[in-house]
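Thank you all for coming; I would like to take you through one model this morning, going element by element. Please keep the sequence and the structure in view while I talk.

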Amino acid sequence: MSRNAKIAAGGVAAGIILLIWLPWWAALLIVLGVPTAAYLTLDESQRRRLRRVSRKELGR
């Protein structure tokens, strides 16, 4: 299993655990809020590079 697949599987497992322990709206807030906060902490050059790489992979 690739590194990205392991990260994705861990994220899914964490999401399921959060849905069991917390109300659905709190779990949704955490699942959407953490990546958004991480993106907002990047400076503009890092965001530009991230968008460029994402676009390049989508065009494959």
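This is a predicted model: local features need pLDDT of at least 70, side-chain atom pairs count only at pLDDT 80 or more; totals for chains, interfaces and linings use all residues.

Let me begin with Val31, which lies in helix 2, where helices (H or I, at least four residues) and strands (E, at least two) are DSSP runs numbered from the N terminus. Residues are numbered from 1 along each chain as its sequence is written, and side-chain values use heavy atoms, with hydrogens and water left out.

Val31 counts as partly exposed because its relative accessibility is 41%; buried means under 20% relative accessible area, exposed over 50%, and partly exposed in between, with a 1.4 Å probe and protein chains only. Together with Leu19, Trp24, Trp25, Leu28 and Leu32, Val31 forms a nonpolar patch on the surface, with about 690 Å² of accessible area in total. Patches are made of residues with over 30% relative accessible area and no salt bridge, like charges being joined within 9 Å and nonpolar side chains (Val, Leu, Ile, Met, Phe, Trp, Tyr) within 5 Å, and the areas come from the Shrake-Rupley method with a 1.4 Å probe, only the protein chains shown counting as cover for residues. Helix 2 gives the most to this patch, with 5 residues.

The UniProt record, an unreviewed entry, annotates residues 12-42 as "transmembrane region"; UniProt positions are given in the numbering used here, feature names are shortened, and annotations may be inferred rather than shown by experiment. Over residues 12-42 the chain is 87% helix and 0% strand, with end C-alpha atoms 24 Å apart.

Turning to helix 1 (residues 3-21), Ile17 is placed there, and its C-alpha atom is 22 Å from that of Met1, 16 residues away in sequence.

In helix 3 (residues 44-58) we find Arg48, whose C-alpha atom is separated by 36 Å from that of Ile20, 28 residues apart along the chain.

Finally, how many salt bridges does the rule give? The count comes to 1, a salt bridge being a side-chain nitrogen of Lys or Arg within 4 Å of a carboxyl oxygen of Asp or Glu. The side chains of Arg51 and Glu44 meet in a salt bridge at 3.3 Å, N to O.
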